[in-house]
Amino acid sequence: MSTGVDPDRPVLGEKLLTPTDVAALIPGLSPKLLAQWRYERRGPVYYKAGRIVLYPFASLEKWFEGLVQLEDPDAH
């Protein structure tokens, strides 16, 4: 009996990253800081199943793009 699941394609249709993966992508970010942000209910969107935390790559990109600052707010 086939489950219809293709092992080469993510089941949820999106790439999911661990906190360590996310920290490796963004210089200066650590898994510990991501944990703090989750506790404070801020930072990128994530899924949590028990102790497993996963960040959807597409949502991570949108969150990161939202951090763009066109001018320095401290310059005024």
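The model is predicted, so local features were taken only at pLDDT of at least 70 and side-chain atom pairs only at pLDDT 80 or more, while totals for chains, interfaces and linings use all residues. Residues are numbered from 1 along each chain as its sequence is written, and side-chain values use heavy atoms, with hydrogens and water left out.

The secondary structure of the protein comprises 3 helices and 3 strands. Helices (H or I, at least four residues) and strands (E, at least two) are DSSP runs, numbered from the N terminus. From that terminus on, the elements follow the order β-α-α-β-β-α. The protein has 76 residues, of which 20% count as buried. Buried denotes under 20% relative accessible area, exposed over 50%, and partly exposed the range in between (1.4 Å probe, protein chains only). Contact denotes heavy atoms within 4.5 Å. Among contacts between residues at least 6 apart in sequence, 43% join residues at least 24 apart.

The strands form an open sheet of 3 strands in the order β1-β3-β2, with antiparallel pairing. Its edge strands are β1 (16-17) and β2 (47-49), each of which pairs on one side only. Two strands are taken to pair if DSSP finds at least two bridges between them. β1 and β3 are joined in the antiparallel sense by 2 bridges. Here Leu 16 has Pro 56 of β3 as its bridge partner, and Leu 17 has Tyr 55. β2 and β3 are also antiparallel, with 3 bridges. Ala 49 is bridged to Ile 52 of β3.

Helix α3 lies across β1 and β3. Its direction is at about 65° to β3. Axes are lines fitted to C-alpha atoms, for helices over the stretch in contact, and angles run from 0 to 180 degrees between N-to-C directions.

Leu 34, Trp 37 and Arg 38 are buried in α2. These residues cover an arc of only 100° around the axis, so they are on the same side of α2. The arc is that of the directions from the helix axis to the C-beta atoms. Lys 32 and Tyr 39, on the other side of α2, are exposed. The cover over the buried residues of α2 includes α1 (19-25), β3 and α3.

The largest nonpolar core has 10 residues: Leu 17, Val 22, Ile 26, Leu 29, Leu 34, Trp 37, Val 53, Tyr 55, Leu 60 and Trp 63. Two or more core residues come from each of α2 (31-39), β3 (52-56) and α3 (57-65). A nonpolar core is a set of buried Ala, Val, Leu, Ile, Met, Phe, Trp, Tyr and Cys residues joined through side-chain atoms within 4.5 Å. Leu 60 is a member of this core. Apart from neighbours within four places in sequence, Leu 60 is in contact with Leu 17, Val 22, Leu 25 and Pro 44.

Ile 26, another core member, is located in the loop between α1 and α2. Its relative accessible area is 15%, so Ile 26 counts as buried. With residues up to four places away in sequence excluded, Ile 26 touches Trp 63 and Phe 64. Ile 26 and Phe 64 are 38 residues apart along the chain, yet their C-alpha atoms are separated by 9.4 Å.

The loop between α2 and β2 contains Arg 41. This residue comes just after α2. Most residues other than glycine have a negative phi. Arg 41 is not a glycine, yet has a positive phi of about 60°. At 80% relative accessibility, Arg 41 is exposed.

The structure holds 1 salt bridge. Arg 42 forms a salt bridge with Glu 40. The closest N and O atoms are 2.8 Å apart. A salt bridge requires a side-chain nitrogen of Lys or Arg within 4 Å of a carboxyl oxygen of Asp or Glu. Arg 42 is partly exposed, at a relative accessible area of 47%. Glu 40 is also partly exposed, with 38% relative accessibility.
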